[in-house]
Amino acid sequence: MTVEFWFLIGAALVFWMQAGFAMVETGFTRAKNAGNIIMKNLMDFCIGTVVFSILGYTLMMGEDTFFGLIGKPNLDLFTHFGDFIASPAEGFTGASYFVFNLVFCATTATIVSGAMAERTRFSAYCVYSGVISLLIYPIEAHWIWGGGWLSQMGFHDYAGSCAIHMVGGIAALIGAALLGPRIGKYVRDKSGKVIKVNAIPGHSIPLGALGVFILWLGWYGFNGAAATTPSELSSIFLTTTIAPSVATCTTMIFTWIKNGKPDVSMCLNASLAGLVAVTAGCDAFDAVGAAVVGIVSGILVDVTVEVLDLKIHIDDPVGAVGVHCVNGIWGTIAVGLLASPDAPAGLRGLFYTGEFDQLGIQLVGFVAVAAWSAITMFLFFGFLKKIKFLRAHAEDELTGLDISEHGLPSAYADFMPAVDKYTDFGAGGEVTVVTGTTPPAEAVPVKKEPSFSADGHKFTKVEIVFKEERLYALKEAMAKLGITGMTVSHVMGYGMQKGHTEYYRGVAVETDLRPKVQVDIVVSEVPVRDVIETAKKVLYTGHIGDGKIFVYDVENVVKVRTGEEGYDALQDVE
């Protein structure tokens, strides 16, 4: 009972990983698609539950048939429910096994979402997510965990580097390749050759980081739920901690040396890459083996993300291929290389014993599962593309899938509207956008405001745009000049400082949106030159981007509450 209780707690932790995947994908993409991404991560689990309960579960865990290729389908979940929940003499209840395998199945489906984010139709996502949970995952998982032919050979994938992460990663790679990049990601010349790669930064690194921490917590259940002894569980927790930690440190150092600064988003990816790679052998590695797995993972994920983007030109917004596909493969093979006889699994890896047996079995399993998932997903995604069902319309993609797919103006409601929806990266060709029929003169009217008679005072508006951290100093300096009122706004500055290149996931960021503060001051008695010189003195640091000052003539000032106009309206005295 105690072991089964932990088994179900572990399943609950794996379910909680859905929240982690949702946060990572949302944070690494643009705000205009946040609601769409949340909906996808919700529905792949819900749709997966429906199809897995009808057929997927028994294909995976049913009685072995057809030479170990699939489980025998049945409807025991619905027709023999009493037996399904009854406690057997050995092992766990059928209900426990069902829930446990269901949450793992959902993980496979959700991996694909990130690589195809921001340009996939929601309806298409629902369809292919259901197919993965209904057929693709259950069949290959039967080979490994359901008593199928790979398990009979001795193939070892304790918690799913191969069965879950590699399969999801291969589906993500094929889907992203057939779907094509986001509009504006790559600039091509007339011959179609890519001549420039644009960075499209995610809108919230904090959300992405929150997702990684949630996933890391859930991974202790992902890897440890099937443990049956304290020794096995503690060993799994140890390797599940060491590998991602070492991977993250490796990527931090690697990107620091390569780019001049440690890359935040790549380090977050590295934590997940280490977790993916250690999953197959979390019960078979010792501490040294887990560290080696982490070192290789930390390098693999960064190299894969950059090669995929800069060389092969496949657009993967969240790094799903580097994290899940490549490191799923590495983790599967690493069992044959680094399995320690002293670990709970007792396997004999090449580097510890000099024996090739386990490595050969791992390679056979990798090739078979990779071939199954690659062929089936290529055919299925190719069919969806052929019938023009896979990709969202260009106008919908540019506007954002929140509004076009779900009628959601903004996933952030009362927060500042996403400014990136108005940013044009420059598509590699003209995009047809449906326009209205209203003449420009009516759609954007221009009216001449009436002029006001002067009262002998001149009014001048000084607009200052500068770095946020200098706001307090500017307010203090203006107060000393006798200026007691000003309007302060948060704005976004668009551009990149000359000679100052930053990198996002290995790609140079040439234009960016940066937070600034805009202060508007209307003066009459205080000399304008004093305001300008004081602002320059306070804001100057000697670096590009200190700020800009704009000066405008103002025709009149009106105080709404009292109706006062002109000079009197500027006075704070009642």
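What is the handedness of the crossing of α8 and α15? The crossing is right-handed. In this convention, a crossing is right-handed if the near helix is turned clockwise from the far one by less than a right angle, and left-handed if anticlockwise. The structure is a predicted model, in which local features need pLDDT of at least 70, side-chain atom pairs count only at pLDDT 80 or more, and totals for chains, interfaces and linings use all residues. Residues are numbered from 1 along each chain as its sequence is written, and side-chain values use heavy atoms, with hydrogens and water left out.

The protein chain contains 21 helices and 10 strands. These elements are DSSP runs numbered from the N terminus: helices are H or I with at least four residues, strands E with at least two. Of the 574 residues in the protein chain, 49% are buried. Buried means under 20% relative accessible area, exposed over 50%, and partly exposed in between (1.4 Å probe, protein chains only). The accessible surface of the protein chain is about 26800 Å². Carbon and sulfur atoms account for 64% of that surface. Areas come from the Shrake-Rupley method with a 1.4 Å probe; for residues, only the protein chains shown count as cover.

The structure holds 0 disulfides, a disulfide being a pair of cysteine sulfur atoms within 2.5 Å. Two cysteines are buried: C162 has a relative accessible area of 0%, and C325 has 6% relative accessibility.

Helix α8 covers residues 161-179 and helix α15 residues 357-386. The two pack at an angle of about 35°, and their axes are 9 Å apart. Axes are lines fitted to C-alpha atoms, for helices over the stretch in contact; angles run from 0 to 180 degrees between N-to-C directions. On the α8 side, the contact is made by C162, M166, V167, I170, A171, I174, G175 and L178. Helix α15 contributes G365, F366, V369, A370, S373, A374, M377, F378, F381, G382 and K385. By class, this contact has 14 nonpolar, 4 polar and 1 charged residues. Nonpolar covers Ala, Val, Leu, Ile, Met, Phe, Trp, Tyr, Cys and Pro; charged covers Asp, Glu, Lys and Arg; the others, Gly among them, are polar.

Helix α2 (residues 34-61) includes N36. N36 is buried, at 1% relative accessibility. Setting aside neighbours within four places in sequence, N36 contacts F122, L401, D402, E405 and H406. Helix α2 also holds I38. I38 is partly exposed, at 38% relative accessibility. With residues up to four places away in sequence not counted, I38 touches A22, M23 and T26.

F67 has a positive phi of about 60°, although F67 is not a glycine. F67 sits in the loop between β1 (64-65) and β2 (70-71). The residue F67 is exposed, with a relative accessible area of 82%. H313, also not a glycine, has a positive phi of about 65°. The loop between α12 (287-312) and α13 (320-338) holds H313. H313 is partly exposed, at a relative accessible area of 22%.

Terms used:
Contact means heavy atoms within 4.5 Å.
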